[in-house]
Amino acid sequence: MKNRIKKARIVMEALPYIMRFHGKVIVIKYGGAAMTDPALENSVMRDAVLLKYVGMNPVIVHGGGPEINRALKKKKLETRFVKGLRVTDRATMEVVARVLGDKINKKIASLIKKNGGRARGFAGLRGRIIKAHKLVPLNDQGIKIDLGYTGTVTGVRNRDLKKCMEKGYIPVLAPIGVGAGGRLYNINADQAAAAVASHLDAAKLILLTDVQGVLDAHGKLISNINTVKARRMIKSGQLSGGMIPKVRNSLAALRKGVEQVHIIDGRIPHAILLEIFTDKGIGTLVERR
Ligand SMILES: Nc1ncnc2c1ncn2[C@@H]1O[C@H](COP(=O)(O)OP(=O)(O)OP(=O)(O)O)[C@@H](O)[C@H]1O
Ligand SMILES: [Mg+2]
């Protein structure tokens, strides 16, 4: 009996969080790096289904870096990154569209359905949710860098997303944008997730990755990071690769009104539930200042 009462108490502990996030949008970015194990992928989607059934509005934006790299290797195409962003030529874009837009997007939607939820997949021309144009960043000398079909988000069709959520679906978005003339752009998935979160006025943006969170030079978890700290870490080389767009876009989401951003370890079972239903957050909380 004691054990059963304890179980009831645990369920009751979720009530304040269910009330707080009822009807709110929670954008979950599931990075390719954390997609390591099918059982874990399944449990991430099961968590999302639970959120939906207790009245929250989860939206999944997925990555797929490692799987894209494997597909490119098979085709003997070179992979190059500039400051964590993939250089995307035409052949690479075709692979990105196939792996992200087709394979991974459909796999995630079907996992949600398998777990009793309703899902709708969007990818590039399928839904045209993310609008984009070519991204032309500057290098340290202020000279334009050509990243090919790597794009940046110019808009999000949030009316379609809202309609989809109201009908009881969990939207699943691949980070592929559509530009003028229906041209497809490869978007960093963290940027896509941050843009979707800010357009939907999300209460939370949760970035699931394959590390505990943002780590310092000794590999120790940093529980809070803000603009100043992030800038310092990028400059000193402590933040590199995919962590740079992750932190940068987290800060951008906060500036555009997303209430909370967390970078957490997607390899921990039920990381999403731990983040939402307990006070003690896991991973790194990103703060504006
Ligand atoms: N200071 C840091 N703390 C934590 N991770 C860091 C740091 N600097 C660089 N990284 C790297 O960033 C990686 C996470 O970004 P990455 O883009 O590889 O994965 P993802 O965004 O989760 O997946 P995807 O790109 O497929 O969506 C980590 O695996 C780690 O190697
Ligand atoms: Mg990444």
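Which strand is Thr152 found in? Thr152 sits in β7, residues 151–156. Strands here are DSSP runs of E, at least two residues long, and helices are runs of H or I, at least four residues long, all numbered from the N terminus.

Some ground rules. This is a predicted model, where local features need pLDDT of at least 70, side-chain atom pairs count only at pLDDT 80 or more, and totals for chains, interfaces and linings use all residues. Residues are numbered from 1 along each chain as its sequence is written, chains are lettered from A and ligands numbered from 1 in the order in which they are written, and side-chain values use heavy atoms, with hydrogens and water left out.

Back to Thr152. At 15% relative accessibility, Thr152 counts as buried. The cut-offs: buried is under 20% relative accessible area, exposed is over 50%, and partly exposed is in between, with a 1.4 Å probe and protein chains only. Setting aside neighbours within four places in sequence, Thr152 is in contact with Lys131, Ala132, His133, Lys134, Leu135, Ile187 and Gln191. Contact means heavy atoms within 4.5 Å. Tyr185 is 33 residues from Thr152 along the chain, and their C-alpha atoms are separated by 7.8 Å.

Now the cores. In soluble globular proteins, nonpolar side chains tend to be buried together. A nonpolar core, as used here, is a set of buried Ala, Val, Leu, Ile, Met, Phe, Trp, Tyr and Cys residues joined through side-chain atoms within 4.5 Å. The largest one has 44 residues. Ile60, Ile108, Ile112, Leu208 and Ile276 have the most contacts inside it. Which elements each supply at least two residues of this core? They are β1 (25–30), α3 (38–53), α4 (65–74), α5 (90–114), β8 (170–173), β11 (204–209) and α10 (271–277). Helix α5 gives the most, with 10 residues. There is also a second, separate core of 43 residues, and Phe122, Leu161, Ala194 and Val214 are among them.

Take Ile112. Not counting residues up to four places away in sequence, Ile112 touches Met45, Val49, Ile60, Gly117, Arg118, Ala119, Ile170 and Val172.

Next, helix packing on α5. Start with α3. The angle between α3 and α5 is about 60 degrees, and their axes are 9 Å apart. That makes α3 oblique to α5. Axes are lines fitted to C-alpha atoms, for helices over the stretch in contact, and angles run from 0 to 180 degrees between N-to-C directions. Under 35 degrees is roughly parallel, over 145 roughly antiparallel, 65 to 115 roughly perpendicular, and the rest oblique. The crossing of α3 past α5 is right-handed. Right-handed means the near helix is turned clockwise from the far one by less than a right angle, and left-handed means anticlockwise.

Who meets whom? From α3, Glu41, Asn42, Met45 and Val49 meet Lys107, Ile108, Leu111, Ile112 and Lys114 in α5. By class, that contact has five nonpolar, one polar and three charged residues. Ala, Val, Leu, Ile, Met, Phe, Trp, Tyr, Cys and Pro count as nonpolar, Asp, Glu, Lys and Arg as charged, and the others, Gly among them, as polar.

Now α4. It packs against α5 at about 130 degrees, with the axes 10 Å apart. That makes α4 oblique to α5. This crossing is right-handed too. Glu67, Ile68, Ala71 and Leu72 in α4 meet Thr92, Val95, Val96, Val99, Leu100, Lys103, Ile104 and Lys107 in α5. The classes here are eight nonpolar, one polar and three charged.

Arg90 also lies in α5. At 54% relative accessibility, Arg90 counts as exposed. Arg90 and Tyr149 are 59 residues apart in sequence, and 7.0 Å apart from C-alpha to C-alpha.

Ala202 is in the loop between α7 (189–199) and β11. Is Ala202 buried or exposed? Buried, at 0% relative accessibility. Ala202 touches Val25, Val27, Ala197, Gly257, Val258 and Glu259, leaving out residues up to four places away in sequence.

Then backbone angles. Most residues other than glycine have a negative phi. Arg128 has a positive phi of about 45 degrees. Arg128 is in the loop between β5 (119–122) and β6 (130–134), and is partly exposed at 37% relative accessibility. His270 has a positive phi near 60 degrees. His270 is in the loop between β13 (260–265) and α10, and is partly exposed, with a relative accessible area of 37%.
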